[in-house]
Amino acid sequence: MKRLTLTIAGLMAVIAAWSGCAPDTPATTTDINMIYIGNSITQGAIMKEPEKKSPPARCTEFLAQAEGIGDVAMFNGGVSGRTTVDFLPGDNPLFARVVDGAEGLRHNNPQAATVFSIMLGTNDSASKGPNGSPVSDADYTRNVALIIDSLQARFPDAIFVLHRPVWYSDNTHNGAVYLAEGQRRLDGYYACLRELVGKYSQSNPGHVFMGDTAAYDHFRRTHKEEMFAENGFSGTFYLHPNPAGAKALARYWADAILRAVHTVPGK
């Protein structure tokens, strides 16, 4: 009888271990505080209801629906016309605004993962107009690194996801001059981001990740359907995603952010 009792007890232990995900056992989820840094594309410029339809708003929705993710709060730090120069640390209102936004989210949910989604470079690539433009590859790399390092000093456990700036047409010319030269410069920033991610993977692993890289080619193919047709000094150009394009971009962002979050142990 004693032997039977032990056998049953052992069987119950196996069953308990196998059914560790029983309905009454709460699943582990990760809350996220999302801080989006960018320019007019991130801001949702020329879009009706950007608070609902901008890429950050749609990306946050996708993240909140993902398996393993709990509450997702967001701060949209995108500002039209801005470059990496505008977000540099120091006596800089835009950098301070990003820090304040991240602090506010952390105050509301200190247990959430802090994730900075960064897509800058469109205005850096212009030949004339935006602050600091044209920004060289070396300066672009240095600026992005300074932004990351300064934010991480304040948020040491933060995750940084660096998205490739999306395509624009080679006749883009509004208040600033982009054109084919700017498009070539923009394309070159992709290598800068890959180089940065590679360096951080060695010096500070688990914090800086390559984000979306596919939306660039996506918009090159679909710009007439998914970007606004804008009147410029060199004809009709394509620069800003429309609502359909913002949703597509948000999906690319969300997929990249989820890969980064799930890569970090304990997240």
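Glu49 is found in the loop between H2 and H3, where helices (H or I, at least four residues) and strands (E, at least two) are DSSP runs numbered from the N terminus. This is a predicted model, in which local features need pLDDT of at least 70 and side-chain atom pairs count only at pLDDT 80 or more, while totals for chains, interfaces and linings use all residues. Residues are numbered from 1 along each chain as its sequence is written, and side-chain values use heavy atoms, with hydrogens and water left out.

Although Glu49 is not a glycine, it has a positive phi of about 55°. Its relative accessibility of 36% places Glu49 in the partly exposed class; buried means under 20% relative accessible area, exposed over 50%, and partly exposed in between (1.4 Å probe, protein chains only). The loop between H2 and H3 also holds Ile46. Ile46 has a positive phi of about 55° and is likewise not a glycine. Another backbone feature is the cis peptide bond from Ser133 to Pro134, with omega near -5°. Pro134 is placed in the loop between strand E3 (113-119) and helix H6 (137-154).

For the protein as a whole, the secondary structure comes to nine helices and seven strands. Of the 267 residues in the protein, 52% are buried. Among the contacts in the protein with a separation of 6 or more, 74% are accounted for by residues 24 or more positions apart, a contact being heavy atoms within 4.5 Å.

Helix H4 (residues 55-65) is largely enclosed by the rest of the structure, because eight of its eleven residues are buried. The buried residues of H4 are Pro55, Pro56, Ala57, Arg58, Cys59, Thr60, Phe62 and Leu63. These buried residues pack against strand E1 (30-38), helix H2 (40-43), helix H3 (50-53), strand E2 (69-78) and H9.

The packing of H4 on helix H9 (residues 243-263) has an angle of about 50°, with the axes 8 Å apart. That angle makes H4 oblique to H9. Axes are lines fitted to C-alpha atoms, for helices over the stretch in contact, and angles run from 0 to 180 degrees between N-to-C directions; those under 35 degrees count as roughly parallel, over 145 as roughly antiparallel, 65 to 115 as roughly perpendicular and the rest as oblique. On the H4 side, the contact is made by Pro55, Pro56, Arg58, Cys59, Phe62 and Leu63. The H9 side contributes Ala246, Lys247, Leu249, Ala250, Arg251, Trp253, Ala254, Ile257 and Leu258. By class, the residues of the contact of H4 with H9 are twelve nonpolar, no polar and three charged. Ala, Val, Leu, Ile, Met, Phe, Trp, Tyr, Cys and Pro count as nonpolar, Asp, Glu, Lys and Arg as charged, and the others, Gly among them, as polar.

H9 also packs with H8, at an angle of about 165° and with the axes 10 Å apart. H8 and H9 are therefore roughly antiparallel to each other. Their crossing is right-handed. In this contact, Ala215, His218, Phe219 and Glu226 of H8 meet Ala244, Gly245, Ala248, Leu249 and Tyr252 of H9. The contact of H8 with H9 divides into six nonpolar, two polar and one charged residues.

Thr222 is located in helix H8 (residues 215-226). With a relative accessible area of 16%, Thr222 is buried. A polar atom of the Thr222 side chain lies 2.9 Å from the backbone oxygen of His218.

Phe237, in strand E7 (residues 235-241), is buried, with a relative accessible area of 1%. Apart from neighbours within four places in sequence, Phe237 is in contact with Ser169, Asn171, Thr172, His173, Asn174, Phe228, Ala229, Glu230, Asn231 and Gly232. Phe237 and Lys224 are 13 residues apart in sequence, and their C-alpha atoms are 9.7 Å apart in space.

Asp149 lies in helix H6 and is partly exposed, with a relative accessible area of 39%. The side chains of Asp149 and Tyr200 make a polar contact (2.7 Å), that is, a pair of N or O atoms within 3.5 Å; within protein, one must be able to donate a hydrogen and the other to accept it, and residues adjacent in sequence count only if both atoms are side-chain atoms. Asp149 and Pro89 are 60 residues apart along the chain, with their C-alpha atoms separated by 9.4 Å.

Notes:
Left-handed = near helix turned anticlockwise from the far one by under 90°.
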